[in-house]
Amino acid sequence: VVLCSRRPLVERHFDIDTCWFDRRSANLQISEFYHQSEAERLTALKEVRGGGSVPPIYMNDVRKWQASGELSVLDGVEPEYMESTADGRAVVAMGKDEMTFDFIILACGIKPDFAANQLVKSYQEKSPLKMVGGFPSVSVDLEWSKNLFVVGALASLNVGPDSGNIMGARRAASIVANALECKAWLRDADSRGALSNRFDQLFWDEEDSSSCSSDSDSDSDCD
């Protein structure tokens with residue numbers, strides 16, 4: 001088995017610094033991120049994330065398999081598919097060398113350009129939105145268009161470098177939930193929302209009057 005990487009494997013627990021998870025510093029990191037321009041946020045996303053990494057528990061397995069000769073690790077190599085053999089095996093150029101494989105498994109991720117995603121692209125055509133470095137410039141409430149909210153990596157510009165993991169997803173969910181609750185409150189007549197008519201109780205319709213009369217008659221009969 002050959003593990004090929006364009007750059008040396010980076011060993012760490014998380015793809016971003018723990019200061020984004022630590023309660024003592026996370027709020028400061030998020031606040032500084034929010035106060036930057038979109039162009040600066042894009043730069044921050046690239047700098048903080050810095051590419052993929054491998055947790056120590058898996059790196060220990062990699063080293064163990066390397067030591068036993070079951071695994072070879074090639075880094076700093078850009079593999080290039082050459083051709084298929086008559087028996088269906090793939091010939092791949094690894095720098096100056098060529099290697100033949102029975103199977104090739106791609107686990108290299110994708111370019112962070114959501115305009116290349118067919119679903120996002122089709123909605124972008126329907127409801128155009130400014131794109132910055134492949135990320136949609138959604139509102140502070142993570143709203144793309146009316147009642148359409150986005151979370152996860154798609155909301156990176158307004159959530160932060162941790163938008164793709166569980167901590168960022170939790171914060172994004174809170175933002176969307178607060179936005180929905182606010183909208184509901186604004187229009188909730190029972191709770192006297194800001195967009196409801198605060199004087200509507202001063203006006204009775206005929207049904208209310210007849211109901212009151214019926215209630216009065218019933219009370220009289222009981223007396």
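**Exercise 1. Classify the burial of phenylalanine 33 and describe its aromatic pair.**

Phenylalanine 33 has a relative accessible area of 3% and is therefore buried; buried means under 20% relative accessible area, exposed over 50%, and partly exposed in between (1.4 Å probe, protein chains only). The model is a predicted one, in which local features need pLDDT of at least 70, side-chain atom pairs count only at pLDDT 80 or more, and totals for chains, interfaces and linings use all residues. Residues are numbered from 1 along each chain as its sequence is written, and side-chain values use heavy atoms, with hydrogens and water left out.

Step 1. Rings of Phe, Tyr and Trp (its six-membered ring) pair if their centres lie within 6.5 Å; planes under 30 degrees apart count as stacked, over 60 as edge-to-face and the rest as tilted. The structure holds two such aromatic pairs.

Step 2. One of them joins phenylalanine 33 to tyrosine 34, with 6.3 Å centre to centre and 55 degrees between the planes, a tilted pair.

Step 3. Tyrosine 34 is partly exposed, at a relative accessible area of 30%.

**Exercise 2. Describe the largest nonpolar core.**

Step 1. A nonpolar core is a set of buried Ala, Val, Leu, Ile, Met, Phe, Trp, Tyr and Cys residues joined through side-chain atoms within 4.5 Å. The largest one has 27 residues, and among those with the most contacts inside it are Trp144 and Val150.

Step 2. Helix 1, helix 2, helix 5 (156-159) and helix 6 (166-187) each supply at least two residues of this core. Helix 6 gives the largest share, four residues.

Step 3. Beyond its neighbours within four places in sequence, valine 150 is in contact (heavy atoms within 4.5 Å) with Val138, Leu142, Trp144 and Ala155.

**Exercise 3. Which residues of helix 3 are buried, and how are they arranged?**

Step 1. Helix 3 (residues 56-68) has 13 residues and reaches 18 Å from its first C-alpha to its last. This is close to the expected 18 Å, where the expected span is 1.5 Å times one less than the number of residues.

Step 2. Its buried residues are Pro56, Met59 and Val62. Viewed down the axis of helix 3, they fall within an arc of 105 degrees, so they line one face; the arc is that of the directions from the helix axis to the C-beta atoms.

Step 3. An α-helix has 3.6 residues a turn, so residues three or four places apart point the same way.

Step 4. The buried residues of helix 3 pack against strand 2 (72-75), while the face turned away from the buried side carries the exposed residues Ile57 and Tyr58. Glycine 69, with a positive phi near 85 degrees, follows helix 3.
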